[in-house]
Amino acid sequence: MAGHVSLMQGRRIGAASPVADADAQGLAAGRLELESALREALSERVGPSKFGLWFGEGVHLGVPGDGGALEVQVPSVFFRDWIRDHFSPSLIDAAQAVTGRKVELRFAIRDEADPPLGDVVGPAADGPGARPGGTITVPVPGNPKLPLGSPPAPGRPDRRPSHSPRFDFPAADQAPAPARPMPSARAPRRLDDFITGPCNRLAHAAAREMIASAGSAFSPLLIHGGVGLGKTHLLEATAHGLRQAHPGLNVVWTTAEAFTNGFLDAMRAGTLANFRSRYRGVGALAIDDIHFLAGTKATQGEFLHTFNALAGRGVPIILTADQHPRRISKLSDELVTRFLGGMVVKLESPDLPTRRAILQARSASRGVSVPAAVLDYIAEHLRASVRELEGALHSVIAHALLTGKRLDLSLAKAALRDTIRHTAAAIALRDVERAVCNLFQVEPDSLKSDSRARAVAYPRMLAMYLARKHTGAAYSEIGRFFGGRNHSTVISAEKKVSGWLRDEAQAALLPGFESASDLLAELERTLGA
Ligand SMILES: Nc1ncnc2c1ncn2[C@@H]1O[C@H](COP(=O)(O)OP(=O)(O)OP(=O)(O)O)[C@@H](O)[C@H]1O
């Protein structure tokens, strides 16, 4: 592959120094063309599946003006370390093929709470494809050098049938039932049943990688996102996939609440040693709703020791949370750091085509033929979560069965009238204000004040943008509401936020969110928009 030159739009990129071209013209189009050529060259070198996993939407490649280093913009320290450790030679090689010269790599983290710049990796002296020597010093992911807890007990082979219920460990006498009752007889959810789209593709690919590598690629894998977006589905499917791919691996899948209750019961009963050796002896640990640990110090301490013991043995750990670890209040810094030491991926609300595909798959799996117009109607009207979508589909089918009527659009409209009226309830300016203030932890008065401090100016602009998009209020009304401003202020806020979305700029408005679109998605989810 070395020496390959990409052809983009019939133009040879590389020999005539297109980098200089793009820089000189300063054209965004040139940069895009270059990035797309780089991505193509890189994908050829690392293969499409690794490329999809590690160089998806959150990673950007670009050649900035200063010294011509290839800048790799990544969403987190973990991504930086992983890409630097595993793909530096391919990146350097791809960049050389595209630009016609050797370039350095520079890593930038698009997240304010992380260090702004990473290390610079020089091109290999002995030609593309060789590993740059000496400059990459990254601890082996999945095996961080963490203090060990008590010595781990040997893993026990898991001899349960694959249809064992979700809460299959610790034994029933050691911990109470999980928070949410799970039907014990149903088949486990699988990755193959998980419909992917831009909202969840990275999480799905990460789960696959976790299964294939049994945690040696990265660990922990933490999947976070709002209600009903598929966190538990992915956790369960990963646990199941690990069992299938690695027979004999003792995969434990439970909830943070069950872990907490088991721990408290063991303390009361004086059986802590037993509790510890069971958890610390597992072959893989999948824990749902890890945010449940927040607030209880003793349980967090216990979980930290469990985590350390497992990480010290390279045991794969998969976690879910309702939000980014940094945003889980009262979660200890030690746990946050450990969670961020692995791969953290967010599930977004599904877009229209994904919602449509989920409904199609669900009706097919139920063996019911649902007219396309009905699926479209549900997908267009229910946007917040997959659970809501599934619920709507089930009601429509149940309605048809119970009334004996034909399943068509008018039946669907009648069956979902209340649900949709409720979901589409008008969003008021005050709702926007509340959502923005809650997320940014600012007072409504400061949002309406004259302050131009970034901490209130950014939330204010986002609020105006959302108000315009969702409330139907006029510019002048929005301006009046947010501190007696005139309509042109609202227009310019709207333009500014649209610019952030277009350019993916303003990445670090709030720790825990990787981009402005991330933030807006969260706010829109809160608003039920
Ligand atoms: N991408 C998807 N493809 C197919 N089904 C999905 C998808 N995402 C979610 N589901 C289904 O939607 C329902 C809700 O998903 P799940 O229980 O995993 O959500 P969750 O994020 O864990 O929610 P909560 O925050 O309430 O725990 C489940 O039936 C799940 O199988």
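Glu35 is found in helix H2, residues 28-46, where helices (H or I, at least four residues) and strands (E, at least two) are DSSP runs numbered from the N terminus. The model is a predicted one, in which local features need pLDDT of at least 70 and side-chain atom pairs count only at pLDDT 80 or more, while totals for chains, interfaces and linings use all residues. Residues are numbered from 1 along each chain as its sequence is written. The protein chain holds 21 helices and eleven strands, and 43% of its 529 residues count as buried. A residue is buried if 20 or more other C-beta atoms lie within 10 Å of its own, exposed if 12 or fewer, and partly exposed in between, with C-beta atoms placed from the backbone.

- Glu35 counts as partly exposed because it has 16 C-beta neighbours inside 10 Å.
- Leaving aside neighbours within four places in sequence, Glu35 is in contact with His60, Leu61 and Gly62, two residues being in contact if their C-beta atoms, placed from the backbone, lie within 7 Å.
- Although Glu35 and Gly62 are 27 residues apart in sequence, their C-alpha atoms are 5.9 Å apart in space.
- Glu44, which also has its place in helix H2, is partly exposed, with 17 other C-beta atoms within 10 Å.
- From Glu44 to Ala94 the separation is 50 residues in sequence and 8.8 Å in space, C-alpha to C-alpha.
- For the protein chain as a whole, residues 24 or more positions apart account for 71% of the contacts with a separation of 6 or more.

**The shell around the ligand**

- The ligand is surrounded by 17 residues, of which the closest are Gly230, Lys231, Thr232, His233 and Val386; a residue is near a molecule or strand if its C-beta atom, placed from the backbone, lies within 6 Å of it.
- Helix H6 (231-245) and helix H13 (386-403) are the elements that give two or more residues to this shell.
- By residue class, the shell divides into six nonpolar, five polar and six charged residues, where Ala, Val, Leu, Ile, Met, Phe, Trp, Tyr, Cys and Pro count as nonpolar, Asp, Glu, Lys and Arg as charged, and the others, Gly among them, as polar.
- The ligand lies between domain 2 (191-347) and domain 3 (352-423), because both domains give residues to the shell around it; the domain bounds come from an automatic or database domain assignment.

**Residues annotated as a binding site**

- An unreviewed UniProt entry lists Gly228, Gly230, Lys231 and Thr232 under "binding site"; UniProt positions are given in the numbering used here, feature names are shortened, and annotations may be inferred rather than shown by experiment.
- Gly230 lies in the loop between S7 and H6, and it counts as buried because 25 C-beta neighbours fall inside 10 Å.
- Apart from neighbours within four places in sequence, Gly230 is in contact with Phe194, Asn200, Leu347 and Val386.
- Thr232 has its place in helix H6 and, with 21 C-beta neighbours inside 10 Å, counts as buried.
- Once neighbours within four places in sequence are set aside, Thr232 is in contact with Asp288 and Thr320.

**Helix H10**

- In helix H10, which spans residues 333-340, the buried residues are Leu335, Arg338 and Phe339.
- Seen down the axis of H10, these buried residues fall within an arc of 100 degrees, so they line one face of the helix; the arc is that of the directions from the helix axis to the C-beta atoms.
- An α-helix has 3.6 residues a turn, so residues three or four places apart point the same way.
- The exposed residues Asp333 and Thr337 are carried on the face of H10 turned away from its buried side.
- The buried residues of H10 pack against strand S7 (221-225), helix H9 (297-312), strand S10 (317-321) and strand S11 (343-347).

**Backbone geometry in loops**

- The peptide bond from Ser219 to Pro220 is cis, with omega near 0 degrees, and Pro220 is found in the loop between helix H5 (201-213) and S7.
- Lys330, in the loop between S10 and H10, has a phi near 70 degrees, a positive value in a residue other than glycine, and counts as exposed with 11 C-beta neighbours inside 10 Å.
- Gln441, in the loop between helix H16 (429-440) and helix H17 (444-448), has a positive phi near 55 degrees and counts as exposed with 9 C-beta neighbours inside 10 Å.
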